[in-house]
Amino acid sequence: IEAAAAKNLRMIDAPVSGGVGGAAAGTLTFMVGGTAENVEAARGVLSAMGKNIVHCGDAGAGGVAKLCNNLSLAISMIGTCEAMNLGVKLGMDPSKLAGVLNTSTGRCWSSEMYNPVPGV
């Protein structure tokens, strides 16, 4: 950060969420770290690629947000895998179980959009 500032360069960190589909559609979420001035200077470029631009704090805060988001996703994916596996092993139809999860408190991205059971 200091090295960039010493050369009169602006710097932000801006990891994304939304995957390839979000990139193609221009609907990415940017988790941005940096000064308010630098984030505003980059907003036009980021807006061309995404619809959600969140200023998370100082430089590095975007990376922190991305790390926390990925941790939350990993935990929910593991839980969904375990729940689906248990239900199937106990005789539940996986499509019906997914339907229950997705209309109840177990609903999450992993159960709804990326279910671990093939065909569900």
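## Terms and model

Buried means under 20% relative accessible area, exposed means over 50%, and partly exposed lies in between (1.4 Å probe, protein chains only). This is a predicted model: local features need pLDDT of at least 70, side-chain atom pairs count only at pLDDT 80 or more, and totals for chains, interfaces and linings use all residues. Residues are numbered from 1 along each chain as its sequence is written, and side-chain values use heavy atoms, with hydrogens and water left out.

## Glycine 91

Glycine 91 counts as exposed because its relative accessibility is 62%. Its place is the loop between helix H4 (61-89) and helix H5 (94-101). Helices (H or I, at least four residues) and strands (E, at least two) are DSSP runs, numbered from the N terminus. Glycine 21 is 70 residues away along the chain, and 35 Å separate the two C-alpha atoms.

## Serine 110

Helix H6 (residues 109-112) holds serine 110. At 2% relative accessibility, this serine counts as buried. Contact means heavy atoms within 4.5 Å. Leaving aside neighbours within four places in sequence, serine 110 touches Leu73, Ser76, Met77, Thr80, Asn115 and Pro116.

## Nonpolar cores

A nonpolar core is a set of buried Ala, Val, Leu, Ile, Met, Phe, Trp, Tyr and Cys residues joined through side-chain atoms within 4.5 Å. The largest has seven residues: Leu28, Phe30, Val32, Val39, Ala42, Leu46 and Ile53. Strand E2 (28-33) and helix H3 (36-47) are the elements that each give two or more residues to this core. Another core, of five residues, lies apart from it; Met84, Leu97, Leu101 and Val117 are among them.

Leucine 28 also has contacts beyond four places in sequence, including Val16, Ala23, Met49 and Asn52.
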